[in-house]
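Here are some notes for a first look at this one. Have the sequence and the 3D view open, and take the points in order.

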Amino acid sequence: MEPFDIRGVRIVPGALDASAQVDLLGDLRAVAARAPLFHPETARGRRMSVRMTSAGRVGWVSDRRGYRYEPRHPSGADWPPIPDRLLSLWRAHAGTAAPPDTCLVNFYGEGARMGMHQDRDEADLDQPVLSLSLGDAALFRIGNLERGGRTESVWLHSGDVAVLGGKARLLHHGIDRVRHGSSRLLPDGGRINVTMRVALPPAAGARG
Ligand code: MD3
Ligand code: FE
């Protein structure tokens, strides 16, 4: 299928072929071996159904103190580096000179979902977010700059890339459901979504 746009969200169906998906899955297993997936807790003390981990200079965490980017995994260990294959994917699709400094890995087991939200914890909201879907198909809902209003939904499949930039960067969005077992990439089913982002302000990124 050709790339298409919904409300400024650029979707590239089948950006990665089956063997590239298998390679990336191997990279992500190595990330999760060093930085294990965990269920973040919301500021209100509710456990999120999605499990997460990160790679890069910082990683996204959420707990009773709120959500933010942190330089270490909750275990105290450094986050592993962003795998080279993912950095190449960013260069191919993100359309920005700045490299990503964080890569959030979301794992959706059976029944996991993600409520409608905005992504605004990054310092420079002019920088895009790049999403890669792997495994089971998911119903992705795209809303508006304000909460509520009409929404549009699209199924994301394994190997699809989405680029969230420009006017789409601050749209509300969420994952309503995952069609468990719809892909055979993961032997036990489930879905992985990888998002690469520029989280830190330019000065912090340049300090290496
Ligand atoms: C639209 N993840 O990690 S990725 C998230 O599939 C997140 O796991 C979903 O929302 C997932 O924050 C959706 C697609 C996505 C990511 C960031 C966006 C869509 C976006 C930022 C702005 C607008
Ligand atoms: Fe999001």
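1. Let's begin at the ligand. An oxygen atom of ligand 1 sits 2.5 Å from an N or O atom in the side chain of Y108. H173 has a polar side-chain atom 2.9 Å from an oxygen atom of ligand 1, and an N or O atom in the side chain of R191 is likewise 2.9 Å from an oxygen atom of the ligand. On its own ligand 1 exposes 490 Å², and the protein buries 98% of that; accessible areas here are Shrake-Rupley values with a 1.4 Å probe, and for residues only the protein chains shown count as cover.

2. Before going on, some ground rules: this is a predicted model, where local features need pLDDT of at least 70, side-chain atom pairs count only at pLDDT 80 or more, and totals for chains, interfaces and linings use all residues. Residues are numbered from 1 along each chain as its sequence is written, chains are lettered from A and ligands numbered from 1 in the order in which they are written, and side-chain values use heavy atoms, with hydrogens and water left out.

3. Who else is around the ligand? There are 19 residues around ligand 1, and Y108, D119, R169, H173 and R191 come nearest. To be counted as near, a residue must have a heavy atom within 4 Å of the molecule or strand in question.

4. You'll find D119 in the loop between β7 and β8 (129–135); helices (H or I, at least four residues) and strands (E, at least two) are DSSP runs, numbered from the N terminus. D119 counts as buried because its relative accessible area is 11%, where buried means under 20%, exposed over 50% and partly exposed in between (1.4 Å probe, protein chains only). Its side chain makes polar contacts with the side chains of H117, at 2.9 Å, and H173, at 3.0 Å. A polar contact is a pair of N or O atoms within 3.5 Å; within protein, one must be able to donate a hydrogen and the other to accept it, and residues adjacent in sequence count only if both atoms are side-chain atoms. Setting aside neighbours within four places in sequence, D119 is in contact (heavy atoms within 4.5 Å) with L125, R169, L170, H173 and R197.

5. Now for strand β13 (residues 191–197). Since 7 of the 7 residues of β13 are buried, the strand is largely enclosed by the rest of the structure. In a regular strand, side chains alternate between the two faces of the sheet. Here R191, N193, T195 and R197 point one way from β13, while I192, V194 and M196 point the other way.

6. What does β13 pair with? β6 and β13 pair in the antiparallel sense over 7 bridges, with N106 opposite N193. β8 and β13 also pair in the antiparallel sense, over 6 bridges, and L132 has V194 as its bridge partner. Two strands pair if DSSP finds at least two bridges between them.

7. β12 has pairings to follow too. Strand β7 (residues 114–117) and β12 pair in the antiparallel sense over 2 bridges, and the partner of M114 in β12 is I175. β9 and β12 run antiparallel and are joined by 5 bridges; A138 stands opposite V178.

8. On to the inside. The largest nonpolar core has 27 residues, and those with the most contacts inside it are V9, I11, M52, Y108, F140 and I175. Such a core is a set of buried Ala, Val, Leu, Ile, Met, Phe, Trp, Tyr and Cys residues joined through side-chain atoms within 4.5 Å. Of the elements, β9 gives the most to this core, with 3 residues. A second, separate core of 26 residues includes L28, A55, L86 and M196.

9. Last, two residues to check elsewhere. P36, in the loop between α1 (18–34) and β3 (51–56), is partly exposed, with a relative accessible area of 39%. S62, in strand β4 (residues 59–63), is buried at 6% relative accessible area, and its side chain reaches the backbone oxygen of E41 at 2.7 Å.
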